[in-house]
Amino acid sequence: MRLAFLGLGKMGRSILKGALERGFLRPEEVGVVGRTRERTEELARAFGIRPLSLKDLAQAERVLLAVQPRDFPHLAPEIAFPQVGYVSIMAGVSTAVLARRLDSRRVVRAMPNLAAVIGESSTALTALREAREAGDLDFARALFSTVGDVYEIPEHLFDPFTAMSASAPAYLAVVAEALADAGVKMGMPRGLALRLAAEALAATGELLKTRHPAQLKDEVASPGGTTIHGLHALEARALRAAFYEAVEAATRRGHELGEAE
């Protein structure tokens, strides 16, 4: 068994689906432990993979930890197997905490985002030396490449990465909703306003892959035109400062989650 999933929520299912669809894993190489036995059986049938118990995780080459951080402390003693490699997507749980609680230094820490659902995630990775030497980091890099781009970064940047990249879909969803609401205020039908907002964000993301944000802004904002007046209104409401504060607040929360461990 190449990989066992402990927990298979939305993110775990996206990772599993990407790995299976792109041929990185075969169903017979994968197992799952759900919150209950009934849930485990349901997930196993849905994906054609093996239903497992916690003790069965000892048979896996690697275990992907996709549970809530608050559930990890009481699960750790039951899933600590020295011969197994671990890949964690739990926010705020450091490699040091993982190694201590799992009694193993074969640990990789990963942070994907919700765009894994459509194969467009940005995933951060870091690992302890023992995990690198055992091939766990290479395995994780290949696994998360099936759902998007992968970035190996120092662990001290994980909380800012989480606050900026992993949380970004939520921030930008609020931006899209506000933009659509503004269109509705000006008389646009709700459905059309929502679609235009979504398309604008998607198209802007593609444009930003080939140009600096300031360049894109300047290309759109012609002298004395409508866009520059709109930008002035956003600056008057301290839009940039709001994003600074959001990322700083989320980073602090990541530190707090780690300190709690």
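**A pair of rings in a predicted model**

The structure, a predicted model, holds one aromatic pair.

Student: Which residues form the aromatic pair, and is it stacked, tilted or edge-to-face?

Tutor: The rings involved are those of Phe24 and Phe139, with centres 5.3 Å apart. Planes under 30 degrees apart would count as stacked and those over 60 as edge-to-face. Here the angle is 50°, so the pair Phe24 and Phe139 counts as tilted.

Student: How many residues apart in sequence are the parts that the pair ties together?

Tutor: Phe24 sits in the loop between helix H1 (10-21) and strand E2 (30-33). Phe139 belongs to helix H6 (residues 136-145), so the pair links parts whose separation in sequence is 115 residues.

Student: Which residue lies over the face of Phe24?

Tutor: Look above the ring of Phe24, where a side chain lies at 4.9 Å from the ring centre. That residue is Arg2.

Student: Zooming out, what share of the residues of the protein chain count as buried?

Tutor: The chain has 12 helices and eight strands, and its C-alpha trace spans about 65 × 35 × 30 Å along the principal axes. Of its 261 residues, the buried share is 41%.

Student: How far apart do the centres of the positive and negative side chains lie?

Tutor: Count the charges to begin with: there are 32 positive and 32 negative side chains. The centres of these two sets are separated by 2 Å.

Note on methods: Residues numbered from 1 in each chain as written. Predicted model: local features only at pLDDT ≥ 70, side-chain atom pairs only at ≥ 80, totals over all residues. Heavy atoms only, no water. Phe/Tyr/Trp six-rings, centres within 6.5 Å; stacked < 30°, edge-to-face > 60°. Helix = DSSP H or I, 4+ residues; strand = E, 2+ residues; numbered from the N terminus. Lys NZ or Arg CZ within 6 Å of the ring centre and 35° of its normal. Buried < 20%, exposed > 50% of the residue type's maximum accessible area, 1.4 Å probe, protein only. Lys, Arg positive; Asp, Glu negative; His and termini not counted. Charge placed at Lys NZ, Arg CZ, Asp CG, Glu CD.
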